[in-house]
Structures are given as structure tokens and as C-alpha cells.
Amino acid sequence: MKQLTDIVFRWIGYLVTGAALAASLAYGYFYFAAERVLDRRYPLPAVTVPPIPKDAAALAEGERIAILRGCTGCHDRLYGDVFDDEFLLGTLVAPNLTEVLPRYSDEDLV
């Protein structure tokens with residue numbers, strides 16, 4: 001009887017080891033397959049920058065769009081401000097756009 005018990009437990013061990021090995025191989029396959037898909041790079045089309053008007057009418061239109069889209073809610077008069085200060089969330093500060101925008105070119109903003 002002891003011999004039969006040893007054989008059964010040995011085969012259970014083989015099955016558990018085989019299942020663990022199969023699960024490890026499947027995990028590795030799906031991990032590397034997903035990484036290959038996530039690391040895929042696509043060529044970007046060339047961006048042509050349209051001429052950006054800087055007259056008074058264009059500035060007024062830009063201000064109108066900023067108000068409509070709610071940009072002035074966080075960037076009060078474009079100077080930036082603390083717009084949310086909660087204990088669990090933290091302090092959220094909108095940057096001062098009058099200082100940030102000169103660092104970018106027209107191509108970057110487009």
C-alpha cells in the first residue's frame with residue numbers, strides 16, 4: 001500500500017510541476033509578445049507649421065477660445081495659480097504661461 005501511495009504522490013508532484021512550468025512558459029510568452037507590441041514605433045508624418053497671426057484680431061480670438069475652453073479657470077489671466085489644494089490629492093498648480101510659452105517654438109506648440 002505504501003508503494004501505491006508513493007507512486008500517486010510522485011505523479012501528483014509531476015503534474016503540479018508540469019502545470020507550474022507550463023504556466024511559467026505561457027506567462028513568459030505573453031509578456032514578451034505584449035512588450036513587442038508596446039515597443040512598436042510608427043513613423044510620424046511631417047508637420048508643416050502654418051503662419052501664426054499676431055495681429056489684434058487673432059489675439060482677441062485666442063482669448064475668446066481660451067475662455068470658452070476653460071483655460072482661464074486654472075491659468076488665471078495666464079499667470080498660473082493654485083487651483084486645487086486638498087489633503088489627499090495634494091496641491092495642484094497651473095504653470096505661469098507667460099513664462100512657459102517663450103521656451104517653446106511655434107513647431108512645438110503646433
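Me: In which sense do strands S1 and S2 pair?
Reply: This is a predicted model. Strand S1 covers residues 81-86 and strand S2 covers residues 90-94. Five bridges link S1 and S2, and their pairing is antiparallel.

Me: Which residue in S2 stands opposite Val-82?
Reply: S1 is joined to S2 by a hairpin of three residues. Across the pair, the residue of S2 that stands opposite Val-82 is Val-93.

Me: Is Met-1 buried or exposed?
Reply: Met-1 lies in the segment before helix H1 (2-38). A residue counts as exposed at over 50% relative accessible area. Met-1 has 79% relative accessibility and therefore counts as exposed.

Me: How much accessible area does the nonpolar surface patch that includes Met-1 have together?
Reply: The patch is formed by Met-1, Leu-4, Val-8, Phe-9, Ile-12 and Val-16. Together, these residues have an accessible area of about 670 Å².

Me: Which residues lie closest to the centre of the largest pocket?
Reply: The volume of the largest pocket is about 990 Å³. Its lining consists of 24 residues. Closest to the centre are Leu-59, Gly-62, Glu-63, Leu-78 and Leu-101.

Me: Which helix gives the most to the lining of the largest pocket?
Reply: Two or more lining residues come from each of helix H2 (56-68), helix H3 (71-74), helix H4 (97-100) and helix H5 (106-109). The greatest contribution is eight residues, and it comes from H2.

Notes
Residues are numbered from 1 along each chain as its sequence is written. This is a predicted model: local features need pLDDT of at least 70, side-chain atom pairs count only at pLDDT 80 or more; totals for chains, interfaces and linings use all residues. Side-chain values use heavy atoms; hydrogens and water are left out. Two strands pair if DSSP finds at least two bridges between them. Helices (H or I, at least four residues) and strands (E, at least two) are DSSP runs, numbered from the N terminus. Patches are made of residues with over 30% relative accessible area and no salt bridge: like charges are joined within 9 Å, nonpolar side chains (Val, Leu, Ile, Met, Phe, Trp, Tyr) within 5 Å. Accessible areas come from the Shrake-Rupley method with a 1.4 Å probe; for residues, only the protein chains shown count as cover. A salt bridge is a side-chain nitrogen of Lys or Arg within 4 Å of a carboxyl oxygen of Asp or Glu. Buried means under 20% relative accessible area, exposed over 50%, partly exposed in between (1.4 Å probe, protein chains only). On a 1 Å grid over the protein atoms alone, a cavity is a set of points where a 1.4 Å probe fits but cannot get out, and a pocket is an open set with protein on both sides within 12 Å along at least five of seven lines; lining residues have an atom within 4 Å of a point. Grid points are joined across faces, edges and corners, and a volume is the space filled by probe spheres set on the points.
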